[in-house]
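Subject: Handover of a structure for your review

Dear colleague,

Please find below the structure that I am handing over to you. The notes that follow set out what was found in it.

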Amino acid sequence: MEERLQKILSSRGIASRRKAEELIQGGHVSVNGIRASLGDKADPEKDIIKVNGARIPGKGDLVYIMLNKPRGYITSMSDEKGRPTVVDLTSDVGVRVYPVGRLDWDSEGLLLLTNDGEFANIVAHPSNNKVKSYVVTVVGNVERALESLRSPMVIDGYKIRPARVNVIGENKLLIKIHEGRNRQVRKMCAASGLEVLTLKRTAIGHVELGRLKTGTWRYLTAREIESLKGHELQK
């Protein structure tokens, strides 16, 4: 059934009707490869509708995205204190997606979101054993802290596996951990005599943040999805 494009974009959560009209007038929307005009109609179940080159998802589609989360955003669907959440940054995905794990409000970097509960459980489960990589800027005696950071440590009563830690700049560390427990890297640094100034997650397993701009998102590739599930696609 055909509907006006602005109504379709609004119903899929891409934008308000007014904003959708602006997207159409600005040449950001296409239908079956043809630039759309205000007043055009389409059938969202049959036609290929794209916004800025990305196809809008169908109502029943499973969606997997990567967000470069900025500092100052809560990894939650809502916040009782009215603070900005990652939902504010992913409202144009077209379907409701949920965070896989979390990043603290004062941390930034790679955050996965999806509407596939099974996928989220697989990725978040400790048995998945995906190494998580963080670039951390610290204050303190780095050389003295290295031995402690690289050793088995007890965090919140849980014995974590030794981290892989490399110095990559002045007071800057690349820390790779397996567990990803609540504020784990910050607590590891505090226990080793370091204060964390900035913390950015740059990779989960083989899936890397790359050059994705802060505050923006992109779809995961099929290979990235399969890698996170624990198996690679055949070449």
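V139 is partly exposed in this predicted model, with a relative accessible area of 40%. V139 belongs to strand β10. Leaving aside neighbours within four places in sequence, V139 is in contact with G193, L194, E195 and L197. V139 also comes to 6.5 Å from V196, C-alpha to C-alpha, although 57 residues of sequence lie between their positions. G193, one of the contacts of V139, follows just after α5 and takes a positive phi of about 85 degrees.

L111 is found in β9, which runs over residues 108-114. At 0% relative accessibility, L111 counts as buried, because buried means under 20% relative accessible area. Not counting residues up to four places away in sequence, L111 touches I65, M66, L67, T75, V86, P99, V100, G101, R102, L103 and R201. The C-alpha atoms of L111 and I204 are 9.0 Å apart, with a separation of 93 residues along the chain.

The protein chain has 235 residues, of which 44% count as buried. Its secondary structure comes to six helices and 17 strands. The C-alpha trace spans about 65 × 40 × 35 Å along its principal axes. Among contacts in the chain with a separation of 6 or more, 63% are between residues 24 or more positions apart.

Helix α4 covers residues 142-149, and its buried residues are V142, A145, L146 and L149. These four residues are on the same side of α4, because they cover an arc of only 120 degrees around the axis. The face turned away from that buried side carries the exposed residues E143, R144 and E147. The cover over the buried residues of α4 includes β10, β11 (153-155), β13 (164-169), β14 (172-177) and α5. At the N-terminal end, α4 is capped by N141, with a side-chain oxygen 3.4 Å from the backbone nitrogen of E143.

Helix α5 has Q184, V185, R186, M188 and C189 as its buried residues. They pack against β10, α4, β11, β12 (158-160), β14 and β15.

The largest pocket has a volume of about 450 Å³. Its lining consists of 28 residues, and R102, K132, Y134, G180 and R201 lie nearest its centre. R102 and R201 are also among the residues that L111 touches. The elements α3 (117-124), β10 (132-139), α5 (184-191) and β15 (195-204) each supply at least two residues of this lining. By class, the lining of the largest pocket divides into eleven nonpolar, eight polar and nine charged residues.

The second largest pocket has a volume of about 280 Å³. It is lined by 14 residues, and those closest to its centre are I14, V51, N52, D92 and W217. Two or more lining residues come from each of α2 (17-25), β6 (54-55) and β17 (217-219). In this second lining there are ten nonpolar residues, one polar residue and three charged residues.

Finally, some backbone angles should be noted. Most residues other than glycine have a negative phi. Which residue in the loop between β2 and β3 is to be noted here? That residue is N32, located between β2 (29-31) and β3 (34-35). Phi of N32 is near 55 degrees, a positive value in a residue other than glycine. N32 counts as partly exposed, at 43% relative accessibility.

N171 likewise has a positive phi, of about 60 degrees, although it is not a glycine. N171 is placed in the loop between β13 and β14, and at 32% relative accessibility it counts as partly exposed. The strands on either side of this loop, β13 and β14, are included in what covers the buried residues of α4.

With kind regards

Terms used. Residues are numbered from 1 along each chain as its sequence is written. This is a predicted model: local features need pLDDT of at least 70, side-chain atom pairs count only at pLDDT 80 or more; totals for chains, interfaces and linings use all residues. Side-chain values use heavy atoms; hydrogens and water are left out. On a 1 Å grid over the protein atoms alone, a cavity is a set of points where a 1.4 Å probe fits but cannot get out, and a pocket is an open set with protein on both sides within 12 Å along at least five of seven lines; lining residues have an atom within 4 Å of a point. Grid points are joined across faces, edges and corners, and a volume is the space filled by probe spheres set on the points. Ala, Val, Leu, Ile, Met, Phe, Trp, Tyr, Cys and Pro count as nonpolar, Asp, Glu, Lys and Arg as charged, and the others, Gly among them, as polar. Buried means under 20% relative accessible area, exposed over 50%, partly exposed in between (1.4 Å probe, protein chains only). The arc is that of the directions from the helix axis to the C-beta atoms. Contact means heavy atoms within 4.5 Å. A polar contact is a pair of N or O atoms within 3.5 Å; within protein, one must be able to donate a hydrogen and the other to accept it, and residues adjacent in sequence count only if both atoms are side-chain atoms.
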